[in-house]
Structure formats: structure tokens, C-alpha cells
Amino acid sequence: MIKIATWNVNSIKARLPNALAWLKEFAPDVVLLQEIKTVDEGFPRMEIEDLGYNIETHGQKTYNGVAILSKSPIEDVSRGLPGDDTDEQARYIEGTAFGNLRVASVYLPNGNPIDTEKFPYKLGWMDRLYSHVQTSLEDEESIILGGDYNVIPNDDDVYDPNAVAGDALTQPESRARFQAIKNLGLTDALRSFNHAPHQYSYWDYQRGAWQKDNGLLIDHLLLTPQAADRLTDAGIDKDPRGKEKASDHTPVWCVLDD
DNA sequence: ATGCCAGGTAACACCTGA
């Protein structure tokens, strides 16, 4: 049994006490982190290695940054999404864990405001992710692409669709690309077990969003057919969001057979 | 229409986030 989780920590340094407590309690085997907000040298390696994790990072100063933690060695690590050598933003890392499980940590661009260059950057990034998934599927491996996709797939994945109507997270162009990636043959782990509306992975720090359960579902675990065949459970661990000094995101997890 | 929080950086204000 392998427990895999994705978590946008909103700075690994600011989140270190919370992250260490969660790693001890939840005991995931593999963790895909986003928004570590540090260069590789600044990642608090020792504290997390002391809990039995191997670590691979793709960091950046101030913004973005992704990482993989695994209780197994991490092999064949690749940093950055193929297709644009000029892209400086650290939003993608993949590697192999437990010998036969390929995992990727994805921090898809937010894209707001939609009338700026940020939105076409998001859409272009999604097109590159589509191409990379298309290529990766040819290998017929177990692959999990987990992360903050910055896409609200459906209107019942948000507390109030009207509140996010003009948002890059809900635009038809964003949703169509997310659906197209899934249509390549990927399975949404959470939705294999939970079809209820209003299941959230993110609550804004502002306006009492957590207390009012005004959330969004934007963190997703997508599995290739070979990984989906091994899938036995999935869910959202809301506990970390309720702690002091919480990230605005909470972990989404799934379990695979060995 | 804007700021409301939070984090980082650098400076005691501004940018980004979703």
C-alpha cells in the first residue's frame, strides 16, 4: 500500500512546523508539494529527512517552486515541463518512487487577471502539459500527476459560481483544457470515490472563507490507467487547514496497491 | 470597484496569490 498526497504549502519555511506535524501524523509515503517559495538551497531538508523522506526539489526565489518527498529513493528526476526552454517559472518536477511509480508535482499557473498576459501563459502551460501527458501515456506506466491545477472543474466545485465567474480558474478555456487532459485517459482519484458536490481543497485566508466553508476544489490527483488500476481509496484531509498558521490549501490524497 | 489575509523581499511599501 502506497499513500500519496499533494499539498500546496504556501511556503515550506513558513509551514515547516505544520508540515512536520502532518507528515508524522498522516504518514504519507509520497508527497507532492507546491509553492515551496524557496530556492533549492533554502529547503529545510534535514528536518524532513529526519522523518524518513528522500527529497527532490525544483525551487525558485520568492515564488512557485515544487518538490517530491518519498520514503523510497527518488529516481530519474526531471525538472520543468518540456516545450518551452524560456520558461523560468519552477512549476513542474517528476520522478520515480518505489521503483515503478512515476509521480509529478504540478503547480499550474493561476492566470489572473484574465485580461493580462498571465491568462495566455496559463493556457499555453496547459497545452504543454497536455502534450507531455500525451507522450508519457505511451510508456504505459503507473503515473500520478498531482498538484494545484488552479482549475475549478465544475460549478459545484465552488461555494458560489457567481463569485468566481470572471476568474481564470473557471474560464471555459481553462476548463476545456483540464477536461482535454483528463480525456487523454486520466482518472481523477478523488472523483473515483466521492461524487458529492462542494468538496474543497482551498479556502481563502480572507473574509472568513474557512469558517464559512467558502472553498474551491483546485487540487487534483490524475492517474494513468495503470495507476488507476491500483487505486483503492482517495480523499481530502481537511485537518491541516484548521490549524494555526495553516496553508490556504489542504492535502488531497490517494492510496495505491503495491 | 477595492480591500479584506498571508508570505516574501526589502524596507518600514509593494508584489503575488485564487
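How many bridges join S9 to S12? I found two, and the strands run antiparallel. I took helices (H or I, at least four residues) and strands (E, at least two) as DSSP runs numbered from the N terminus. Two strands pair if DSSP finds at least two bridges between them.

**Entry 1: ground rules.** I am reading a predicted model, in which local features need pLDDT of at least 70, side-chain atom pairs count only at pLDDT 80 or more, and totals for chains, interfaces and linings use all residues. Residues are numbered from 1 along each chain as its sequence is written, while chains are lettered from A and ligands numbered from 1 in the order in which they are written.

**Entry 2: the whole chain.** I counted six helices and 14 strands in chain A. The C-alpha trace spans about 45 × 45 × 40 Å along its principal axes. I then looked up the radius of gyration, which is taken over C-alpha atoms; the globule rule is 2.2 Å times the number of residues to the power 0.38. For 258 residues a compact globule would have a value near 18 Å, and the 17 Å of chain A agrees with that.

I noted that 43% of the 258 residues of chain A count as buried. A residue is buried if 20 or more other C-beta atoms lie within 10 Å of its own, exposed if 12 or fewer, and partly exposed in between, with C-beta atoms placed from the backbone. Two residues are in contact if their C-beta atoms, placed from the backbone, lie within 7 Å. Among contacts in chain A between residues at least 6 apart in sequence, 68% join residues at least 24 apart.

**Entry 3: the sheet.** I traced an open sheet of six strands in the order S5-S6-S7-S8-S12-S9, with mixed pairing. Strand S5 (74-79) and strand S9 (187-188) are at the edges with a single partner strand each, so one side of each has no neighbour in the sheet. Strands of a sheet pair through backbone hydrogen bonds, either parallel or antiparallel.

I went along S12 next. Strand S8 (residues 142-148) pairs with strand S12 (residues 219-223) in the antiparallel sense over five bridges. Gly147 has His220 of S12 as its bridge partner, and Ile144 stands opposite Leu223. Asp188 stands opposite Leu222 in S12. Five of the five residues of S12 are buried. Asp219, Leu221 and Leu223 point one way from the strand, and His220 and Leu222 point the other way.

**Entry 4: the core.** Which members of the largest nonpolar core touch the most other members? I listed Ile4, Leu33, Val103, Ile144 and Leu221, out of 66 residues. Strand S7 (residues 101-107) gives the most to this core, with five residues. Such a core is a set of buried Ala, Val, Leu, Ile, Met, Phe, Trp, Tyr and Cys residues joined through C-beta atoms within 7 Å. In soluble globular proteins, nonpolar side chains tend to be buried together.

I checked Val103 for contacts, not counting residues up to four places away in sequence. Val103 touches Ile4, Val30, Leu32, Ile68, Glu94, Gly95, Ala97 and Ile144.

**Entry 5: Val31.** I found Val31 in strand S2 (residues 30-34). Val31 counts as buried because 28 C-beta neighbours lie inside 10 Å. Leaving aside neighbours within four places in sequence, Val31 is in contact with Ala5, Trp7 and Leu69. Val31 and Gly147 are 116 residues apart in sequence and 10.0 Å apart in space, C-alpha to C-alpha.

Entry 6: Glu35 is buried, with 25 other C-beta atoms within 10 Å.

Asn150 also shows a positive phi, near 50°, in a residue other than glycine. Asn150 is in the loop between S8 and helix H4 (172-183) and counts as buried, with 26 C-beta neighbours inside 10 Å.

I noted a cis peptide bond joining Asn112 and Pro113, with omega about -10°. Pro113 lies in the loop between S7 and helix H3 (118-137).

**Entry 7: the DNA.** I looked up the 23 residues around DNA strand B; Ser11, Ala14, Thr62, Asn110 and Tyr205 come nearest. A residue is near the strand if its C-beta atom, placed from the backbone, lies within 6 Å of it.
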